[in-house]
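Biologist: Could you take me through the features of this model one at a time, giving the general idea before the case at hand?

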Amino acid sequence: MLDKFSLAILLSAVGVLVIVLELVRQRKLEEGYSLLWLAAGFLLVALPLSRRALDQVAGLFGVAYPPSVLFLVGFMAITLLLLYFSTVITRLNRQNREAAQRLGLLQWRIRELEKKLEEIADR
Amino acid sequence: MTGKTFLGRLLVVIPAYNEEASLGRVIANVRQSAPEADVLVINDGSTDRTAEVAETAGARVITLPFNLGIGAAMQTGFLFARDFGYDFAVQVDGDGQHDPREIPDILAPVVAGEADVAAGARYIEDRGYITPGLRRFGIVLLATAISIITRRRVTDPTSGFRASNRKAICFCALHYPSDYPEPESVVLFRQARLKMIEVPVTMNPRYGGQSSITPFRSFYYMVKVFLAILIGLLRRAPRAQEVLDAR
């Protein structure tokens, strides 16, 4: 039988899973980015359902009250997600910078070409 | 690239972010001191009349769509120099801090092949430039750390008044750090086996406009630069020769 705490985590995790899947379905979230969310969600659904697994993990980390393992899993998932997002932001930042540099260089070239064209047209 | 047919050998790059107050004078001085040079202003997403001022003063202007920071702006200049086949590039700040009359001084050793990069340094000789105490302390700290790391004496690693040869241009086009680039690039040059020397110069207070330096930014600057340098030492450094060969 589930205690209230585990039940609350279970329901929240189901909620998160539904939202994530719906966002992917609507193409508001890419499959690749949803994987970490889904993995965390499944863990938070599976652990409360299997008291034995939860107890084992709790024993592994020396946790006296097994349901607080769910906190640990949630916290680790969020930390991983944030770290992952930091790397994504870094990559986007670099790509953004390179695109902006190329845009500036290309605009200059276009303007030079237009000037040359005008010179030719004026002849 | 067909640029070589209508562009020269020497490019002076002036990165500028909201420098309408001083830029006109800087460009005029550059054109007077280095009449053979093409002057390129990288307008780094300015919200004032920087682009118009630069064009009126006779510079080529590349406008970035938004503010990228001094390093990325400077790198745009190196990309331009690389793509259009310039042999030498000189970078000058847009705020009037660097005296364009000294361009020949920093350019000479690079043209003579004595170094790949020559940086104008404030502190080799005492020329009466007064730096506020805390900033001076920060620069000495950086200079000492970088001198130890590179095993070369560096006195002014924050100087953005530099001349580069073709090899250094191609290297910087690919590997120039994005923000607060100067001290980090000194270490990068060393790792890439590019030879950098310092040339004594005089620096002026800025002509006008606003400095971007605040106490918090200075602190962030020091921490960021030290972190970048230390982590940079753990990477396999890009070699300048590989950059040239890759092209």
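Biologist: Which residues line the largest cavity?

Modeller: On a 1 Å grid over the protein atoms alone, a cavity is a set of points where a 1.4 Å probe fits but cannot get out, a pocket is an open set with protein on both sides within 12 Å along at least five of seven lines, and lining residues have an atom within 4 Å of a point. Here the largest cavity is lined by Pro15(B), Ile70(B), Met74(B), Gln91(B), Asp93(B), Gly160(B), Tyr176(B) and Glu182(B). This is a predicted model, in which local features need pLDDT of at least 70 and side-chain atom pairs count only at pLDDT 80 or more, while totals for chains, interfaces and linings use all residues. Residues are numbered from 1 along each chain as its sequence is written, chains are lettered from A and ligands numbered from 1 in the order in which they are written, and side-chain values use heavy atoms, with hydrogens and water left out.

Biologist: What volume does the largest cavity have, and how does its lining divide by residue type?

Modeller: Grid points are joined across faces, edges and corners, and a volume is the space filled by probe spheres set on the points. The largest cavity has a volume of about 30 Å³, and the structure holds one cavity of 30 Å³ or more. For residue types, Ala, Val, Leu, Ile, Met, Phe, Trp, Tyr, Cys and Pro count as nonpolar, Asp, Glu, Lys and Arg as charged, and the others, Gly among them, as polar; on that scheme the lining of the largest cavity divides into four nonpolar, two polar and two charged residues.

Biologist: What is the volume of the second largest pocket, and which residues are the closest to its centre?

Modeller: The second largest pocket has a volume of about 1,400 Å³. Of the 43 residues that line this pocket, the closest to its centre are Arg94(A), Arg97(A), Tyr176(B), Pro177(B) and Ser178(B), and the lining as a whole divides into 22 nonpolar, nine polar and 12 charged residues.

Biologist: Which helix gives the most to that lining?

Modeller: Helices (H or I, at least four residues) and strands (E, at least two) are DSSP runs, numbered from the N terminus. H4(A) gives the most to the lining of the second largest pocket, with 12 residues. Helix H4 (69–122) of chain A, and from chain B the helices H3 (70–83), H6 (166–175), H7 (181–191) and H8 (215–234), each supply at least two residues of that lining.

Biologist: How many residues of chain A are in contact with chain B, and what area is buried between the two chains?

Modeller: Contact means heavy atoms within 4.5 Å, and buried area is the accessible area (1.4 Å probe) that two parts lose on being put together, summed over both. In this model 12 residues of chain A are in contact with 19 residues of chain B, and the area buried between the chains is about 1,400 Å², of which carbon and sulfur atoms give 62%. Gln101(A), Leu105(A) and Trp108(A) supply 44% of the area that chain A buries against chain B, more than any other three residues.

Biologist: Where is Asn165(B) placed, and which residues does it touch?

Modeller: Asn165(B) is in strand S6 of chain B, where it is buried, with a relative accessible area of 13%. Its side chain reaches the backbone nitrogen of Lys167(B) at 3.2 Å. Not counting residues up to four places away in sequence, Asn165(B) touches Asp87(B), Phe88(B), Val110(B), Ala115(B) and Asp116(B).

Biologist: What is the phi of Arg27(A)?

Modeller: Phi of Arg27(A) is near 60°, a positive value in a residue other than glycine; Arg27(A) lies in the loop between helix H1 (4–25) and H2 of chain A, and is exposed, with a relative accessible area of 73%.

Definitions and conventions. Buried means under 20% relative accessible area, exposed over 50%, partly exposed in between (1.4 Å probe, protein chains only). A polar contact is a pair of N or O atoms within 3.5 Å; within protein, one must be able to donate a hydrogen and the other to accept it, and residues adjacent in sequence count only if both atoms are side-chain atoms.
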